[in-house]
Amino acid sequence: MNIVMGIYIVILGLLLGSFFNVCIYRIPRGESIVFPGSHCTNCNNKIKGYDLIPVISYIFLKGKCRYCGEKISLRYPAVELITAAIFYLIYLKYGLMFLTVKYIVLASLLIVIGMIDLDTTDVYFSTTITGVIFGIGFIIASYFFNLGIGEFIIGGIAAGGFIAVIILITRGMGWGDAEICLVCGLFLGFKLSIVMLFLSFIIGGIVGIGLILSKIKNRKDYIPFGPFIAVSSLLTIFLGEYIVNYYMAMF
Ligand SMILES: [Zn+2]
């Protein structure tokens, strides 16, 4: 753990978090995530570089567009801060290692995919295929580092396949959920994928029942499952090995 490195990781998280905001907004609208540059969604004015500094610009602009005064959602700085915090925690736990890079990429994919699913209840193939390509890339890199690859190939097939079976039997989930689990399995490997699936059903169940009991949703409403997979995968990155060891110790 090195303070300068830690600061770099936080800045990287803030900058990428800002980019993820663009992805979360534009991908469901079918817009390019690169062009044009950032503009106000209300008055369409191009936003200058000095107004695009993550979190800081939001504070200086008091959460309003410089040109038209339209309120900027608190979600933008929140996503930037959450991304930076997750990156920093991954670095704190894994140091400067191969796993840090891999988990930062997985967390990035999950933030974008999870937030889009929360907004639209849709999972976009362009996002999950990007995840599969990165996942396979890390498996190839693992092969060259002699880190073992079977665990990850099986993890992807098992996690995605498990959800596919649930879809075929119950029709209660979407194919997007199977795609997200395939991506998570490729990154997490078989053992941690079991933890991830277990956590996502527990958290999804608790939140789902809570939403129905509090009458925010009724029983027929569609509750997207992707955000639960995303949260569970992030928890698995931090707690998965403890949960696996705990269960191993029981038997
Ligand atoms: Zn504006």
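## N-terminal annotated region

Residues 11-93 are 48% helix and 0% strand, with end C-alpha atoms 18 Å apart; helices (H or I, at least four residues) and strands (E, at least two) are DSSP runs, numbered from the N terminus. In UniProt, an unreviewed entry gives these residues, 11-93, as "domain: Prepilin peptidase A24 N-terminal". UniProt positions are in the numbering used here, feature names are shortened, and annotations may be inferred rather than shown by experiment.

The model is predicted: local features need pLDDT of at least 70 and side-chain atom pairs count only at pLDDT 80 or more, while totals for chains, interfaces and linings use all residues. Residues are numbered from 1 along each chain as its sequence is written, and side-chain values use heavy atoms, with hydrogens and water left out.

## Backbone details in the loops

Phe 35 and Pro 36 are joined by a cis peptide bond, with omega about -10°. Pro 36 sits in the loop between α1 and α2.

The loop between α2 and α3 holds Lys 62. Although Lys 62 is not a glycine, its phi is positive, about 50°.

## Endopeptidase region and transmembrane spans

The unreviewed UniProt entry also places "domain: Prepilin type IV endopeptidase peptidase" at residues 104-209. That stretch, 104-209, is 87% helix and 0% strand, and its end C-alpha atoms are 31 Å apart.

The feature "transmembrane region" is placed by UniProt (unreviewed entry) at residues 6-25, 97-116, 123-146, 152-170, 182-213 and 225-248. Residues 6-25 are 100% helix and 0% strand, with 29 Å between the end C-alpha atoms.

The protein divides into domain 1 (1-81) and domain 2 (97-251), with bounds from an automatic or database domain assignment. Their centres, taken over C-alpha atoms, are 26 Å apart. To the contact (heavy atoms within 4.5 Å), domain 1 gives 7 residues and domain 2 gives 10 residues.

The area buried between domain 1 and domain 2 is about 870 Å², 82% of it from carbon and sulfur atoms; buried area is the accessible area (1.4 Å probe) that two parts lose on being put together, summed over both. On the domain 1 side, Phe 20, Ile 24 and Ile 27 lose the most area to domain 2, together 51% of what that side buries.

## Largest pocket

The largest pocket has a volume of about 730 Å³. Of its 32 lining residues, His 39, Ile 47, Leu 52, Ile 72 and Tyr 76 are the closest to its centre. Elements giving two or more residues to the lining are α1 (3-26), α2 (56-60) and α3 (75-94), and α1 has the largest share, 6 residues.

A pocket is an open set of points on a 1 Å grid over the protein atoms alone where a 1.4 Å probe fits, with protein on both sides within 12 Å along at least five of seven lines; lining residues have an atom within 4 Å of a point. Grid points are joined across faces, edges and corners, and the volume is the space filled by probe spheres set on the points. The lining residues divide into 16 nonpolar, 8 polar and 8 charged, where Ala, Val, Leu, Ile, Met, Phe, Trp, Tyr, Cys and Pro count as nonpolar, Asp, Glu, Lys and Arg as charged, and the others, Gly among them, as polar.
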